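Subject: Structure handover

Hello,

Here is the structure I promised to pass on. Please open it first, then read the notes below.

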Amino acid sequence: MTDIDVQLRDVTEADLEFLLACEHDPEAVRRSRFTPRPRDAFMRHWKTNILGDSTVFVQMVTVDGEPAGSIVAWWEGEQGVGGDRFIGYWLGRPYWGRGVGSVALGLFLRRETNRPLYADPFAGNTASVRLLEKHGFRRTGTVRHGDNEHFMLVLDSETP
């Protein structure tokens with residue numbers, strides 16, 4: 001990795017246009033098998049379900065002070081009553097393959113202390129699967145989202 005400064009900070013509404021563009025990047029869509037939301041639905045989802053939910057922990061990834069992507073943790077199901085804590089992330093394509101995701105995920109996992117922590121990347125997204133496994137996530141099986149197979153990974157202890 002080149003000498004770059006990767007940091008995390010709180011996401012603001014001003015960041016949402018950048019994050020919308022990340023979600024709509026055709027190669028990111030292909031790799032994640034995630035259907036991007038139309039702009040209005042994206043903004044509503046982020047303002048209500050992410051920024052407006054105190055149980056969601058979301059951080060903006062910056063590189064040399066510029067927005068690069070986001071990492072988010074949320075509850076699937078009811079917190080404390082059989083719910084599972086999941087994480088997800090998006091990085092802008094200019095930051096792929098440069099070690100940014102690895103640094104950012106390491107920083108995030110030191111702040112997000114809930115365990116176990118789950119992730120379910122598309123099985124064909126080998127870079128994302130490797131990134132999670134590098135940080136201590138282990139495969140526990142597969143799940144289907146529509147026609148696509150995703151790996152279920154879990155991190156059940158502090159990061160290595």
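Which residues of the largest nonpolar core touch the most other members? They are V6, V61, V63, I87, V100, L132 and F137, out of 26 residues in that core. Please keep in mind that this is a predicted model.

**The cores**

Helix α4 gives the largest share, with five residues. Leaving aside residues up to four places away in sequence, L132 touches I87, Y89, L105, A119, P121, F137 and L153. There is also a second, separate core. That one has twelve residues, including L16, V56, M60 and V72.

**S32**

Next, look at S32 in helix α2 (residues 26-32). Is S32 buried or exposed? S32 is buried, because its relative accessible area is 18%, and the cut-off for buried is under 20%. Its side chain reaches two backbone atoms. One is the oxygen of A28, at 2.9 Å. The other is the nitrogen of F34, at 3.1 Å. S32 also touches W90, F122, N125 and H150, again not counting residues up to four places away in sequence.

**Salt bridges**

Side chains of opposite charge can pair when their charged atoms come close. The count here comes to ten salt bridges. Three of them are worth a visit.

- K47 and E13 form a salt bridge, with the closest N and O atoms 3.8 Å apart. K47 lies in helix α3 (residues 39-50) and E13 in the loop between β1 and α1 (16-23), so the pair ties together parts that are 34 residues apart in sequence. K47 is partly exposed at 40% relative accessibility, while E13 is exposed at 52%.
- E27 and R30 meet through their side chains at 2.6 Å, N to O. The two are three residues apart in helix α2, so about one helical turn separates them. R30 is partly exposed, at 47% relative accessibility. E27, R30 and R31 are linked in a network of salt bridges.
- D156 and R138 form a salt bridge, with the closest N and O atoms 2.7 Å apart. This pair links distant parts of the chain, 18 residues apart: D156 sits in the segment after β7, and R138 in strand β6 (residues 138-145). D156 is partly exposed at 42% relative accessibility. R138 is partly exposed too, with a relative accessible area of 43%.

Best wishes

Terms used:
Residues are numbered from 1 along each chain as its sequence is written. This is a predicted model: local features need pLDDT of at least 70, side-chain atom pairs count only at pLDDT 80 or more; totals for chains, interfaces and linings use all residues. Side-chain values use heavy atoms; hydrogens and water are left out. Helices (H or I, at least four residues) and strands (E, at least two) are DSSP runs, numbered from the N terminus. Buried means under 20% relative accessible area, exposed over 50%, partly exposed in between (1.4 Å probe, protein chains only). A polar contact is a pair of N or O atoms within 3.5 Å; within protein, one must be able to donate a hydrogen and the other to accept it, and residues adjacent in sequence count only if both atoms are side-chain atoms. Contact means heavy atoms within 4.5 Å. A nonpolar core is a set of buried Ala, Val, Leu, Ile, Met, Phe, Trp, Tyr and Cys residues joined through side-chain atoms within 4.5 Å. A salt bridge is a side-chain nitrogen of Lys or Arg within 4 Å of a carboxyl oxygen of Asp or Glu.
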